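Here is my note on the model you sent. Please read the points with the structure open.

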Amino acid sequence: MHRVEMLEVCQKKHMFLGLGLLVAVTIFVLILESRLDISGPTRKGKDQFVIENNSTCWLREPVTVVQECHKCSEFDIVSRSLGVCVHTKYKEILRCQSGEIVIKSCDRIALIDQKNFIHFEVWCFVFGLLSYLVSYARDRILSRKTHQRLERQLNRAT
């Protein structure tokens, strides 16, 4: 009985369609995860971050972000001049609708993890593409050698 492999049965367009669907699902999941609030199991609410001057106006009022979450300076961390820099070493500056400015601690781990994952995905894609190109080139070389060998054999037979 003849055993048929999966790769021999699938046409090239079906394999590319499947690969395209996997890439599309991966991109969809990345976009979905970046839009959702990803909070770790230890931080269940926003109120667990340290807030300078004990202001909680950002919890009850609309806020505008003055400065995105960024790393505290070494001076702030070592001198402990900003209490928010002690715990996560990142701070975010917000302005409440009332005009009050609040400096609060923020968590950059999720963003860093997301960037690392995207880098990993890109490198996997590049490695896969290079592997495909090497395999394709090798297949073409072997096919050409086989074709030349068959031509020589046919030329000798005639």
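1. A word on the record first. UniProt positions are given here in the numbering used for this chain, and annotations may be inferred rather than shown by experiment. The model itself is predicted.

2. With that in mind, the UniProt entry, which is unreviewed, places the feature "transmembrane region" at residues 15–32 and 117–137. What does the model show over residues 15–32? The span is 100% helix and 0% strand. Its end C-alpha atoms lie 26 Å apart. Residues 117–137 are also modelled as 100% helix and 0% strand. There the end C-alpha atoms are 30 Å apart.

3. Next, the second largest pocket. Its volume is about 430 Å³. It is lined by 15 residues. Which lie closest to its centre? They are Leu-19, Val-23, Glu-121, Cys-124 and Phe-125.

4. Where does this lining come from? Helix H2 (12–35) and helix H6 (109–157) each supply at least two residues to the second largest pocket. H6 gives the largest share, with eight residues. By domain, at least three lining residues come from domain 1 (1–35), and at least three from domain 3 (108–144).

5. For the second largest pocket, 12 lining residues are nonpolar, two are polar and one is charged.

6. Now the sheet. Three strands form an open sheet in the order S1-S2-S3, and the pairing is antiparallel. Why do S1 and S3 each have a side without a neighbour? Strand S1 (63–71) and strand S3 (101–105) stand at the edges with a single partner strand each, so one side of each is left without a neighbour in the sheet. On average, neighbouring strands of this sheet are turned by 20° against each other, direction ignored.

7. Look at S2 and S3 in detail. Strand S2 (residues 90–96) pairs with S3 in the antiparallel sense over five bridges. Arg-95 stands opposite Ile-101 in S3. Glu-92 has Lys-104 in S3 as its bridge partner.

8. How many residues separate S2 and S3? The two strands form a hairpin with four residues between them. Within the turn, Gly-99 has a positive phi of about 100°.

Methods
Residues are numbered from 1 along each chain as its sequence is written. This is a predicted model: local features need pLDDT of at least 70, side-chain atom pairs count only at pLDDT 80 or more; totals for chains, interfaces and linings use all residues. Side-chain values use heavy atoms; hydrogens and water are left out. On a 1 Å grid over the protein atoms alone, a cavity is a set of points where a 1.4 Å probe fits but cannot get out, and a pocket is an open set with protein on both sides within 12 Å along at least five of seven lines; lining residues have an atom within 4 Å of a point. Grid points are joined across faces, edges and corners, and a volume is the space filled by probe spheres set on the points. Ala, Val, Leu, Ile, Met, Phe, Trp, Tyr, Cys and Pro count as nonpolar, Asp, Glu, Lys and Arg as charged, and the others, Gly among them, as polar. Domain bounds come from an automatic or database domain assignment. Two strands pair if DSSP finds at least two bridges between them. Axes are lines fitted to C-alpha atoms, for helices over the stretch in contact, and angles run from 0 to 180 degrees between N-to-C directions.
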